[in-house]
Amino acid sequence: MAAGFNKGSVGKKSILLALILTHISVLVHAQQEKLVIHLTKSTPALLKNYKFFVQEVEDKRLIPGSGIGKIIALGKEVPAVLPGKADRELFAYWTFAAPKKEQTYLPLYVTIKELSVNEKKVGPNKVTGDMKVSLSFRWYRNMQPVELTSYQTSASYTRPEKDFEYEKLMKQMLDQALDSFQKWMTNNAGKNPALARSLQLVFKEITASPSEDTVFYSPKRPLIWDDFKVRTGKPGSRYAAAVFTSFGYEGRSYPKNDDLVVEIGLKTFMVKSMSWGRPEARTASTLRHEQIHFDITRLVVEKFKERLRKADLTIEDFDSEIQYQFLESFREMNREQENYDGETGHGLNGAAQAAWGQKVAAEINAVYAVQ
């Protein structure tokens, strides 16, 4: 019984040893089936002063996932892979290097266009390889994507058939990507509208005219009869005088710090050659009536400014909204002018004319008192 027991014990040990050797053999074989490149995080990366943080990484390669190419191991091609999907691995690596430190930091979205390493054997104990990285950067402003810049780099190398520091090379290229974007961001700050965080509206009143035929509005320069170049009435018109007033704007935009400044130059004007007054009607009261027409146009410009302050102006499309509000204000100007002439009987209703004069004068004084 004892002998039988000993024989059985030896047999089990032999089987166990065989299983262990087989398991080791399987592990060695598995290691030769693929190369896993780990992106270990390095503490010195935290010392870099980035002004952004990585919000998201997406993998837009033709074949997304963990695979990044093929390398030569023990004389044959084997897949090169990351421990997990490429977007997750790069997100974990970059968010360690560029964490969110301030609310003012730019939330950066990175798209992987290429991330690869490929090798081939070119001779006895000689392997050539290429590692490539191609990325694009964007962010979202008012929920709209804003494309910023792109980055691509590659490294070619020749090595003997022995261990190679793939991780070191890949980490160096990924670190350079963040450094490159930081440099681009620094160089474009205050210059590139794509980096603007908000829109700043600035108004300027244009009061100087380059044309002798135009009078630009100024409270210090009221109209005079010499501004009305036509000394005959409009054919078929029964009115004593008429002044042609209008308004317009000139716009330009430019980045400043973290804002996009939209500067609007406003001009309120009358055209001499289109304004007329009969010689017998050129009185102070008639001129006052025409001056109030000019004042009303100026007040509509102030309302146009208020419309723009309340409008939903976005950096992506502020121009169309400004044009829309301009047309609405132009219609408002025409309505106000018609109301004025209608209520005053074109200046013949003395009481109504006096009331409009007081009302408009107070509003004009209020506008220029705060400027």
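Figure 1. Residues are numbered from 1 along each chain as its sequence is written, and side-chain values use heavy atoms, leaving out hydrogens and water.

The protein chain has an average pLDDT of 89, and 89% of its residues score at least 70 (pLDDT is the predictor's confidence in each residue, from 0 to 100). Where pLDDT is low, the predicted coordinates should not be read in detail.

The protein chain contains six helices and 13 strands (DSSP runs numbered from the N terminus: helices are H or I with at least four residues, strands are E with at least two). Of its 371 residues, 40% count as buried. Among contacts in the protein chain with a separation of 6 or more, 74% join residues 24 or more positions apart. The accessible surface comes to about 21300 Å², with 54% of it belonging to carbon and sulfur atoms (Shrake-Rupley method, 1.4 Å probe; for residues, only the protein chains shown count as cover).

**Figure 2. Aromatic rings that pair up.** The structure holds 19 aromatic pairs (rings of Phe, Tyr and Trp, the last by its six-membered ring, pair if their centres lie within 6.5 Å; planes under 30 degrees apart count as stacked, over 60 as edge-to-face and the rest as tilted). One of them is the tilted pair of tyrosine 249 and phenylalanine 304, at 6.0 Å centre to centre and 40° between the planes. This pair links distant parts of the chain, with tyrosine 249 in strand β11 (residues 245-256) and phenylalanine 304 in helix α4 (residues 284-310), 55 residues apart. Tyrosine 249 counts as partly exposed because its relative accessibility is 23%.

Phenylalanine 326 and phenylalanine 330 also form a tilted pair, with 6.0 Å between centres and 50° between planes. Both lie in helix α5 (residues 319-344), four residues apart, about one turn of the helix. An α-helix has 3.6 residues a turn, so residues three or four places apart point the same way. Phenylalanine 326 is buried at 17%, whereas phenylalanine 330 is partly exposed at 28%. Elsewhere, ring pairs link Tyr50, Phe52, Phe137, Phe181 and Trp184 into a cluster.

**Figure 3. Charges over tryptophan rings.** The charged end of arginine 197 sits over the ring of tryptophan 139, 5.5 Å from its centre (NZ of Lys or CZ of Arg within 6 Å of the ring centre and within 35 degrees of the ring normal). Lysine 359 places its charged end over the ring of tryptophan 356, 4.9 Å from the centre.

**Figure 4. Leucine 201 and its contacts.** Look for leucine 201 in strand β8 (residues 198-206). Leucine 201 is partly exposed because its relative accessibility is 24%. Leaving aside neighbours within four places in sequence, leucine 201 contacts Val262, Ile264, Leu308, Arg309 and Leu313. The C-alpha atoms of leucine 201 and leucine 313 are 9.2 Å apart, although 112 residues separate them along the chain.

Figure 5. Helix α3 (residues 166-188) has 23 residues and reaches 33 Å from its first C-alpha to its last, close to the expected 33 Å (1.5 Å times one less than its number of residues). Just after α3, glycine 190 takes a positive phi of about 75°. Lysine 256, in strand β11, touches Gly190 and Val261, not counting residues up to four places away in sequence.

Figure 6. Most residues other than glycine have a negative phi. Asparagine 125 is partly exposed at 48% relative accessibility, and asparagine 142 is exposed at 54%.

Definitions and conventions. Predicted model: local features only at pLDDT ≥ 70, side-chain atom pairs only at ≥ 80, totals over all residues. Buried < 20%, exposed > 50% of the residue type's maximum accessible area, 1.4 Å probe, protein only. Contact = heavy atoms within 4.5 Å.
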